[in-house]
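Please keep the picture in view while you read.

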Amino acid sequence: MNKDTIAGNWKQLKGKIQAKWGDLTDDDFKVAEGNSEYLAGKLQERYGWDRDRAHTEVDDFARSLNKSDMRN
């Protein structure tokens, strides 16, 4: 995953991230500030996922962003 995809577009992506993972709070977003590792950790905590699942979710999300960028 290109971690810069999330970090570089954090403000624009917050809405998409919150729509996908609604259990994340505004405080989570303030602390994360584009840090995909922190985001994966919060997904583990909120959804009870193991580490691999949380990282896979973040990676898949980033890949979906890259695909939509290619279509535009």
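**From helices to core**

Read along the sequence, the protein follows the pattern α-α-α-α-α, and its secondary structure accordingly comes to five helices and zero strands. Keep in mind that the model is predicted.

Consider next what is covered and what is open. Buried residues make up 33% of the 72 residues in the protein, while the accessible surface comes to about 4,600 Å², of which 43% belongs to carbon and sulfur atoms.

In soluble globular proteins, nonpolar side chains tend to be buried together. Here the largest nonpolar core has 17 residues, and the members that touch the most other members are Ile6, Ile17, Trp21, Leu24 and Leu43. At least two residues of this core are supplied by each of the helices α2 (10-20), α3 (26-32), α4 (36-47) and α5 (51-71), and α5 gives the most, with five residues.

Finally, look at His55, which is found in helix α5. Is His55 buried or exposed? Because its relative accessible area is 18%, which falls under the cut-off of 20%, His55 counts as buried. Leaving aside residues up to four places away in sequence, His55 touches Glu37 and Ala40.

Note on methods: Residues are numbered from 1 along each chain as its sequence is written. This is a predicted model: local features need pLDDT of at least 70, side-chain atom pairs count only at pLDDT 80 or more; totals for chains, interfaces and linings use all residues. Side-chain values use heavy atoms; hydrogens and water are left out. A nonpolar core is a set of buried Ala, Val, Leu, Ile, Met, Phe, Trp, Tyr and Cys residues joined through side-chain atoms within 4.5 Å. Buried means under 20% relative accessible area, exposed over 50%, partly exposed in between (1.4 Å probe, protein chains only). Helices (H or I, at least four residues) and strands (E, at least two) are DSSP runs, numbered from the N terminus. Contact means heavy atoms within 4.5 Å. Accessible areas come from the Shrake-Rupley method with a 1.4 Å probe; for residues, only the protein chains shown count as cover.
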